[in-house]
Amino acid sequence: MSELGALKQLLKRETRALVKAVGGGDAGSMACRVRQQVLSDYGNITQSARFVPADVVLDLESVSVGRTGHPHVTRMLARAAGYELVPLPGARPETKSWHEHIAACAKEAGEVTSRLALAVAGGVNADEAGDLVREVEEAIQSLVDLKFALRAVQSGDLDSS
């Protein structure tokens, strides 16, 4: 049995998944400052004193996110701290009017509410939960888009009209 607690074991597993996502230890060592064996140690639960440094995570996730769609270690650390990561919008904020932002937020929130109400009536099963997760992600994204536009106005990068 490892002396590591469950959270640190999870960090080791996500580190292994990150290294695998960049193409393994050899490819990972080419993307960051450490050798393949050190990367292996970072993901090995028997190496309880060795954890991946932030700069190595940054280097590896800059490669892996394009392949997997998410930052393995950063996402795990955010969840451990009680947060959920949401990708920033890819489009420039001026591509939507304020009315479009309001409509998108209302539409997505309404879809979550409607689908959840229907699902709860008969009990939420795994398929419905998966659909609801997607709906919630779309609602969150619409709010992130709005927040991005508001921050752009706040910083003077976008006209508020």
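Which residues are buried in helix α3 (residues 36-43)? The views below start there and then move along the chain.

This is a predicted model, in which local features need pLDDT of at least 70, side-chain atom pairs count only at pLDDT 80 or more, and totals for chains, interfaces and linings use all residues. Residues are numbered from 1 along each chain as its sequence is written, and side-chain values use heavy atoms, with hydrogens and water left out.

**View A. The buried residues of helix α3.** V38, L39, D41, Y42 and G43 are buried in α3. Buried means under 20% relative accessible area; exposed means over 50%; partly exposed lies in between (1.4 Å probe, protein chains only). Helices here are DSSP runs of H or I with at least four residues, strands are runs of E with at least two, and both are numbered from the N terminus. The buried residues of α3 pack against α1, α2 (25-31) and α4. Contact means heavy atoms within 4.5 Å.

**View B. Helix α5 and its partners.** Helix α5 covers residues 72-80. Its buried residues are H72, V73, M76 and A78. They pack against α1 (6-21) and α4 (54-68). Just after α5 comes G82, which takes a positive phi of about 90°.

**View C. R79 and its salt bridge to E84.** R79 lies in helix α5. R79 forms a salt bridge with E84. A salt bridge is a side-chain nitrogen of Lys or Arg within 4 Å of a carboxyl oxygen of Asp or Glu. The closest N and O atoms of R79 and E84 are 3.2 Å apart. How exposed is R79? Its relative accessibility is 47%, so R79 counts as partly exposed. E84 is also partly exposed, with a relative accessible area of 49%. For a sense of distance, take R79 and I45: they are 34 residues apart in sequence and 20 Å apart in space, C-alpha to C-alpha.

View D. A search of the whole structure finds eight salt bridges. One of them joins R115 and E135. Their closest N and O atoms are 3.2 Å apart. R115 lies in helix α6 (residues 98-122) and E135 in helix α7 (residues 126-154), so the pair ties together parts that are 20 residues apart in sequence. Is E135 buried or exposed? E135 counts as buried, at 11% relative accessibility. R115 counts as partly exposed, at 36%.

View E. D131 forms a salt bridge with R134. The closest N and O atoms of this pair are 2.4 Å apart. D131 and R134 are three residues apart in helix α7, so about one helical turn separates them. D131 is partly exposed, with a relative accessible area of 27%. R134 counts as partly exposed too, at 46% relative accessibility. R115, D131, R134 and E135 are linked in a network of salt bridges.

**View F. Helix α7 from end to end.** How many residues does α7 have? The helix has 29 residues. It reaches 41 Å from its first C-alpha to its last, close to the 42 Å expected at 1.5 Å a residue. The expected span is 1.5 Å times one less than the number of residues. The buried residues of α7 are L132, E135, A139, S142, V144, D145, A149 and A152. They pack against α6.

**View G. The largest pocket.** This pocket has a volume of about 340 Å³. On a 1 Å grid over the protein atoms alone, a pocket is an open set of points where a 1.4 Å probe fits, with protein on both sides within 12 Å along at least five of seven lines; lining residues have an atom within 4 Å of a point. A volume is the space filled by probe spheres set on the points, which are joined across faces, edges and corners. The pocket is lined by 14 residues, of which E84, L85, V86, P87 and E137 lie nearest its centre. α5 and α7 each supply at least two lining residues. The largest share, five residues, comes from α7. The lining divides into seven nonpolar, three polar and four charged residues. Ala, Val, Leu, Ile, Met, Phe, Trp, Tyr, Cys and Pro count as nonpolar, Asp, Glu, Lys and Arg as charged, and the others, Gly among them, as polar.

**View H. The second largest pocket.** About 170 Å³ of space lies in this pocket. Its lining is V86, P87, L88, V144, K147, F148 and R151. These residues divide into five nonpolar, no polar and two charged.
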